[in-house]
Amino acid sequence: MFQPNNTMEGQLHPLEMTQNTSESEIARMRDEEFDSTTKSGSENHEGASGDDQNPRPKKKRYHRHTQHQIQEMEAFFKECPHPDDKQRKELGRELGLEPLQVKFWFQNKRTQMKTQHERQDNTQLRTENEKLRADNMRYREALSTASCPNCGGPTAIGQMTFDEHHLRLENARLREEIDRISAIAAKYVGKPVVNYPLLSSPMPPRPLDFGAQPGIGEMYGAGELLRSISAPIEADKPMIIELAVAAMEELVRMAQMGEPLWMTTLDGTTFMLNEEEYVRTFPRGIGPKPTGFKCEASRETAVVIMNHINLVEILMDVHQWSTVFSGIVSKASTLDVLSTGVAGNYNGALQVMAAEFQVLSPLVPTRESYYVRYCKQHAEGTWAVVDVSLDNIRPSPTVRCRIRPSGCLIQEMPNGYSKVTWVEHVEVDDRGVHSLYKQLVSSGHAFGARRWVATLDRQCERLASVMATNIPTGDVGVITNQDGRKSMLKLAERMVISFCSGVSASTSHTWTTLSGTGADDVRVMTRKSVDDPGRPPGIVLSAATSFWLPVSPKTVFDFLRDENSRSEWDILSNGGVVQEMAHIANGRDTGNCVSLLRVNSANSSQSNMLILQESCTDPTASFVIYAPVDIVAMNVVLNGGDPDYVALLPSGFAILPDGTTTSTGCIADAGSGGSLLTVAFQILVDSVPTAKLSLGSVATVNNLIACTVERIKTSLSCENA
């Protein structure tokens with residue numbers, strides 16, 4: 001009996017496609033399978049007779065659907081091109097067809113539509129190719145006739161004009177564009193796609209608005225490792241593809257396997273990797289652990305309020321990924337795109353990336369990594385995204401962090417939710433970590449899977465609040481204007497990203513430890529702000545310090561975010577009464593919100609000022625970030641105006657657990673244990689960018705941060721007592 005082909009759709013991608021199988025051949029094979037299932041029993045099984053000794057070949061009889069059946073299935077296809085088993089049975093019952101017939105009709109229809117779209121795309125790309133070639137020739141002619149603006153003669157080498165330089169850059173861009181179009185066209189003549197790297201990503205418009213800021217995803221001031229790497233050479237690409245495929249297989253098994261590979265703690269909530277079992281299970285990998293490196297491995301599962309397609313898009317778009325995980329990712333860049341995927345989605349997408357990962361404290365060195373990211377759809381509604389280091393392809397003596405196959409398995413859930421299983425497995429040299437953070441980092445919780453999943457869960461809730469339309473109108477201070485909510489949340493998001501990018505021990509930061517002032521742990525750095533509409537122009541002085549508190553992170557967070565207790569630590573409020581004028585809730589936890597505060601100063605000569613504040617918390621970290629804002633500018637934002645031109649200098653607090661373990665071997669949650677608090681200020685010390693920084697300005701900022709720390713310690717020690 002004929003068995004239908006149950007291979008899931010969407011499984012074909014550049015890494016698995018053969019050169020000889022075309023779309024038309026796939027459609028023809030499906031047609032033949034379909035026809036064989038629709039034959040009557042008399043056609044397939046003839047009774048025994050004398051003719052059995054000399055069987056005659058019989059002409060195939062094809063089953064033709066009626067016009068009514070085709071019209072009904074066409075109408076259903078427009079609403080739902082991927083019907084499930086229940087829908088196929090119901091449709092078959094209504095039309096007098098077998099569910100298998102309905103299934104194959106929809107498969108053939110999808111193949112037909114895909115082929116039509118690809119033909120249209122091919123025609124459009126050929127037209128663009130011809131246009132680019134014509135432009136290229138025009139630029140070549142312009143370059144050949146270029147003349148010196150001073151003497152009128154031909155331009156000599158080393159005397160390139162600005163216009164000629166611009167034309168050369170444009171010519172290089174056009175060459176890349178032609179290569180990209182040639183790569184896409186190569187798919188239609190059966191050539192391997194991986195031999196033609198796509199230099200840009202022709203993906204559909206992004207439905208998500210995470211407000212990616214200028215500079216996010218770019219390697220400004222990168223460290224020694226990130227400065228020394230570039231896009232891979234052609235000879236390395238087959239090795240990268242092979243490594244990515246093996247890493248994907250390992251990640252899926254790591255996400256699904258239990259004991260003895262993963263050992264659970266006494267309370268059954270935390271998984272620990274059995275390193276000996278890992279080596280036996282995955283003997284190939286990326287080589288042995290380097291001398292002096294420590295292994296950090298963790299796995300965490302959660303259900304988040306976002307559909308699986310949007311989650312995959314966030315992970316594969318470096319700007320969205322950097323924005324969502326701004327508290328963990330300080331820098332990120334896509335160096336090369338080996339494949340953009342197939343059928344208009346990220347199935348089979350392959351990217352070479354570089355990134356720097358951080359803890360929000362100048363006491364913890366950042367981790368730089370050079371790796372490949374690979375995305376694959378494993379079944380309908382199930383995707384996986386994996387990262388693995390490329391250090392074995394291009395070794396570097398400066399590597400202090402290696403990523404073994406890490407990433408997440410994403411499974412579709414009802415009502416727009418997704419189940420995410422995150423695996424984080426790295427080998428790292430953590431000898432540069434300050435003793436204050438040693439316990440937290442060595443436990444794996446500073447950079448582990450629980451940190452990534454908790455951040456993702458909180459950010460998904462934040463995005464849901466941005467998209468919400470059913471805002472309760474009864475509460476005082478709640479912003480109900482949809483455009484005003486989006487503008488204010490976008491401004492707050494930029495404030496948080498700016499704060500996170502300026503607190504860590506990033507390789508682009510040059511921190512100076514103040515000495516001889518009684519506050520040796522205060523670190524300062526200066527930055528010039530020029531031509532940035534989102535920052536006030538001039539010399540900006542940043543100061544940060546980290547210290548331990550004998551109270552839980554939740555207690556510290558509640559104290560710092562409460563406007564009623566702000567006067568106890570905020571010196572700049574000058575003892576004035578702080579009132580909340582408006583707020584936007586960002587999730588289930590009441591601590592996750594954006595607030596607009598007014599400071600009514602006791603000094604009548606001082607004008608009232610507004611403070612924009614975002615507080616966010618999850619089981620692994622909490623933040624209270626704020627910035628003074630102009631009243632006129634905030635009125636524009638609250639009415640839905642563009643928030644990108646509001647100047648901000650954010651300051652704030654990063655609150656982390658101190659890494660103490662409970663009796664079950666788990667890290668204490670936010671409601672218990674001690675806290676590691678980082679205090680960071682940014683102050684405009686001179687509005688002229690070319691001015692010199694005075695020692696008096698440094699002393700003032702140092703005194704400000706020292707007094708703030710002392711006030712916080714005093715207030716919390718009283719509360720704790």
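Start by selecting Ser-298: setting aside its neighbours within four places in sequence, Ser-298 is in contact with Trp-262, Phe-271, Trp-422, Val-423, Glu-424, Gly-448 and Ala-449. Keep in mind as you go that this is a predicted model.

**Stop 1: around Ser-298.** Colour residues 294–304, and you will see strand 3, where Ser-298 has its place. Is Ser-298 buried or exposed? Its relative accessibility is 17%, and buried means under 20%, so Ser-298 counts as buried. Now show the side chain of Ser-298 and look for Ala-449: the backbone nitrogen of Ala-449 lies 2.8 Å from a polar atom of that side chain.

**Stop 2: the largest cavity.** Next, look for spaces inside the protein. How many cavities of 30 Å³ or more does a search of the whole structure find? There are nine. The largest cavity has a volume of about 220 Å³. To find this cavity, select Phe-357, Asp-387, Trp-422, Glu-424 and Trp-452, which lie nearest its centre among the 17 lining residues. Then colour strand 6 (367–379), strand 7 (382–389), strand 8 (401–403), strand 9 (406–412) and strand 10 (418–428), the elements that give two or more residues to this lining. If you colour the lining by class, expect 11 nonpolar, two polar and four charged residues.

Stop 3: Select Val-324, Ser-326, Arg-458, Gln-459 and Val-496 to reach the centre of the second largest cavity, which is lined by 19 residues. Here helix 11 (318–324), helix 13 (449–467), helix 14 (482–501) and strand 16 (609–617) each give two or more residues to the lining. Which element gives the most? Helix 13 does, with five residues. The volume of this cavity is about 170 Å³, and its lining divides into nine nonpolar, five polar and five charged residues.

**Stop 4: helix 16.** Finally, select residues 631–638, which form helix 16, and highlight its buried residues Ala-633, Met-634 and Val-637. Turn the view to look down the helix axis: the buried residues fall within an arc of 95 degrees, so they line one face of helix 16. They pack against helix 14, strand 15 (593–600), strand 16 and strand 17 (622–629). At the N-terminal end, Asp-630 caps helix 16, with a side-chain oxygen 3.2 Å from the backbone nitrogen of Val-632. After the helix comes Gly-640, whose phi is positive, near 90 degrees.

Definitions and conventions
Residues numbered from 1 in each chain as written. Predicted model: local features only at pLDDT ≥ 70, side-chain atom pairs only at ≥ 80, totals over all residues. Heavy atoms only, no water. Helix = DSSP H or I, 4+ residues; strand = E, 2+ residues; numbered from the N terminus. Buried < 20%, exposed > 50% of the residue type's maximum accessible area, 1.4 Å probe, protein only. Polar contact = N/O pair within 3.5 Å; in protein donor to acceptor, adjacent residues only side chain to side chain. Contact = heavy atoms within 4.5 Å. 1 Å grid on protein atoms, 1.4 Å probe; cavity = no way out; pocket = protein on both sides within 12 Å on 5 of 7 lines; lining within 4 Å. Points joined across faces, edges and corners; volume = space filled by probe spheres on them. Nonpolar A, V, L, I, M, F, W, Y, C, P; charged D, E, K, R; others polar. Arc of directions from axis to C-beta.
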